Amino acid sequence: MSFRTAATLATRVSRQPLASRLVAARTPATAQRAFHATPAAFIKVGDPLPGLEDVLTENSPGNKVNLAQEAQALNKMILLGVPAAFSPACSAKHIPGFINHPRTKEFDLVAVVSVNDPFVMKAWGEVLDPAGDHNIRFLADPSGRFTKAMDMDFDGSSIFGNHRSKRYSILIENGKVTSVDVEPDNTGTSVSMAENVLGPA
């Protein structure tokens with residue numbers, strides 16, 4: 001490299017803001033290339049459920065549930081995501097709507113998932129389906145990992161104190177998603193209600 005070329009290069013570098021030069025020096029080239037701004041996508045029609053083995057629990061922390069594996073073994077399944085167990089809209093409208101809808105009987109399983117602990121979900125299930133004869137299972141996602149894997153989480157700190165699940169209803173056949181209905185405001189009761197997902201009762 002000639003003296004003139006080296007001097008020109010030094011001049012160009014010196015004209016960059018100091019902060020930019022420091023970031024460039026400290027950031028590996030591979031890390032710079034790996035960055036992208038593409039947003040994550042909601043789970044969509046044709047997708048399987050996230051195959052996570054140790055995140056969903058039923059009734060107790062030690063009873064792990066792999067919902068993707070179970071969905072593959074079933075013909076038809078409904079997956080309901082709710083912001084919180086015992087919350088008014090969840091307890092009075094969303095889940096009871098599916099419990100009481102005549103078409104729910106066509107499905108092998110209805111699974112309700114919330115970012116709550118398994119003890120709360122068990123108690124909630126005993127309130128909504130005390131006899132346990134509606135084939136509904138109340139599954140806890142205490143870490144929120146299952147919910148995040150589907151890109152269904154939102155920051156509910158102002159109401160619930162942490163990240164929670166959006167309200168959604170997903171229909172699944174032979175392990176693959178056939179429809180996804182997510183509330184546009186995360187917690188509302190419009191598109192994910194039983195009459196919208198399954199048709200009029």
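The following exercises, each with a worked solution, concern the predicted model shown above.

Residues are numbered from 1 along each chain as its sequence is written. In this predicted model, local features need pLDDT of at least 70 and side-chain atom pairs count only at pLDDT 80 or more, while totals for chains, interfaces and linings use all residues.

**Exercise 1. Determine where confidence is lowest and where it is highest in the protein.**

Step 1. The pLDDT (the predictor's confidence in each residue, from 0 to 100) averages 83 over the protein, and 79% of the residues score at least 70.

Step 2. Helices (H or I, at least four residues) and strands (E, at least two) are DSSP runs, numbered from the N terminus. The protein has nine helices and nine strands.

Step 3. Confidence is lowest in helix 3 (residues 29-34), with a mean of 35, and highest in strand 8 (residues 168-173), at 98.

Step 4. Over residues 1-40 the pLDDT stays under 50, and the model has seven contacts beyond four places in sequence for these residues; a contact means heavy atoms within 4.5 Å.

**Exercise 2. Check the span of helix 5 (residues 88-100) and state which of its residues are buried.**

Step 1. The expected span is 1.5 Å times one less than the number of residues.

Step 2. Buried means under 20% relative accessible area, exposed over 50%, and partly exposed in between (1.4 Å probe, protein chains only). In helix 5, the buried residues are C90, H94, I95, P96, F98 and I99.

Step 3. The elements that cover these buried residues include strand 3 (76-82), strand 4 (109-114), helix 6 (118-128) and strand 8.

**Exercise 3. Describe the lining of the largest pocket by element and by class.**

Step 1. A pocket is, on a 1 Å grid over the protein atoms alone, an open set of points where a 1.4 Å probe fits, with protein on both sides within 12 Å along at least five of seven lines; lining residues have an atom within 4 Å of a point. The largest pocket has a volume of about 170 Å³, where a volume is the space filled by probe spheres set on the points.

Step 2. Its lining includes E58, N59, M121, K122, R137 and F138. Helix 6 supplies the largest share, four residues, and helix 6 and strand 5 each give at least two.

Step 3. The lining has three nonpolar, four polar and five charged residues. Ala, Val, Leu, Ile, Met, Phe, Trp, Tyr, Cys and Pro count as nonpolar, Asp, Glu, Lys and Arg as charged, and the others, Gly among them, as polar.

**Exercise 4. Locate N59 and F86 and characterise their phi values.**

Step 1. N59 is found in the loop between strand 1 (56-58) and strand 2 (60-65), and its phi is near 75°.

Step 2. F86 is in the loop between strand 3 and helix 5, with a positive phi of about 70°.

Step 3. Most residues other than glycine have a negative phi.

Key:
Side-chain values use heavy atoms; hydrogens and water are left out.
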